[in-house]
Amino acid sequence: MYTAGDLRRRRAAVRAALPGRQPHAVPGEARAFASANIALVKYWGKRDEALHLPRTGSLSVSLGPWGSEATLALTRKAAEVWLDGEKLAPGSSFAARALAYLELFRPESGENFVLKTRNTLPTAAGFASSASGFAAIAKALDALFGWDLPERNLSVLARLGSGSAARSLRDGFVEWKCGRKADGSDSYAVALPVAWKTLRIGAVVVERARKPLSSGEAMRRCIATSPFMAAWDKTVRGDLRAAKEAVAKRDLRALGEVAEGNALAMHAVMLAARESVFYPTGASLAALAKVRQLRAEGVPVYATMDAGPNVKLLFEAKSESPVRRAFPDAVVLCPFADKGSRR
Ligand code: 2P0
């Protein structure tokens, strides 16, 4: 997956994020939880593949109690990866990715990891779990080895697992800073100090099958072939400013317009790639049309989509009834629900 040079750079990034600390043989196990997140201004494109460094900043909202839990322990036997109570074959895609990541943190004394992950995301909601999964693993490493790392360093470590995992260490609104440095030490996420209790996220699942093309692959193709990539980078910078302003004012209309426009612009970048990447299905487009219809009827609801066909809705508590009537199967999440109430 990574060249020898990439691996050296990844190891150097890990060492830099662990000042005065290192992995060492420890008894026992450590458990940690991280929330999933939905990008309102998307991360789409890397400037550095090995370190998962983005071309632009991005902004997300955390899903609070919905995410992933990771439990880590060391063993003298073979490494193991478990997902939701099932032991995965080492070659399966999540196990291979997780083990390649954990390899960066093996103690010099040679122990392997036993990783058990569990998702608290409602499976019916169709959210991706790689962001919360890798953020939970980074937190569990911190707890297992007793590092007590600053959050910024943890965000850097999570990013080396999956880019969007950098944003999954904090609750609420989170900005992942693009950074400028080649080693990525200034590309980490920070929380915005805004609580918005009435904000709701609706998940409209139109397809459960795995996506045919990974987002990493799709990003690469867009960078190599999409004529809209340069316009995308510029669009994101403006959207990021506007979205932060809207969040500070808790202005759903302003935030919704930016988030919906940003998501569709990202899909336009993909549509223009050669060969085109097109994740939405007819059912996704029908859901988007329904969102517009609701807005025309005076219900402030906005849509966003990631690298897949499912649609996520953004609205406030006061619009919950008409939104639920229009999307009876939607799973409605409260990102600012009190911790613990919905685990
Ligand atoms: C995001 N996505 O900002 C964007 C929007 C998908 C669409 O981050 O290759 O799994 O591990 O850095 O984080 C999905 O990409 O990619 C993603 P890698 P990741 O949420």
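Start by selecting Ser164: one of its polar side-chain atoms sits 2.6 Å from an oxygen atom of the ligand, a polar contact in the sense of two N or O atoms within 3.5 Å. With that in view, look at the ligand's surface: the protein covers 90% of the 470 Å² of accessible area that the ligand has on its own (Shrake-Rupley method, 1.4 Å probe).

A quick word on what's loaded: this is a predicted model, where local features need pLDDT of at least 70, side-chain atom pairs count only at pLDDT 80 or more, and totals for chains, interfaces and linings use all residues. Numbering runs from 1 along each chain as its sequence is written, and side-chain values use heavy atoms, with hydrogens and water left out.

Next, pick Tyr43, which has a polar side-chain atom 2.6 Å from a ligand oxygen.

Now show the whole shell, meaning residues with a heavy atom within 4 Å. Of its 17 residues, Tyr43, Lys46, Gly163, Ser164 and Arg167 come nearest. Colour by class and you get six nonpolar, six polar and five charged residues.

Zoom out and colour by domain, with bounds from an automatic or database assignment. Domain 1 (4-191) and domain 2 (199-333) both give residues to the shell, so the ligand lies between them.

Last stop: select Glu151, Ser155, Ala166, Leu169, Arg170, Val174 and Ala189, which line the largest cavity (on a 1 Å grid over the protein atoms alone, points where a 1.4 Å probe fits but cannot get out; lining residues have an atom within 4 Å of a point). That cavity holds about 30 Å³ of space, and its lining splits into four nonpolar, one polar and two charged residues.

Terms used:
A polar contact is a pair of N or O atoms within 3.5 Å; within protein, one must be able to donate a hydrogen and the other to accept it, and residues adjacent in sequence count only if both atoms are side-chain atoms. Ala, Val, Leu, Ile, Met, Phe, Trp, Tyr, Cys and Pro count as nonpolar, Asp, Glu, Lys and Arg as charged, and the others, Gly among them, as polar. On a 1 Å grid over the protein atoms alone, a cavity is a set of points where a 1.4 Å probe fits but cannot get out, and a pocket is an open set with protein on both sides within 12 Å along at least five of seven lines; lining residues have an atom within 4 Å of a point. Grid points are joined across faces, edges and corners, and a volume is the space filled by probe spheres set on the points.
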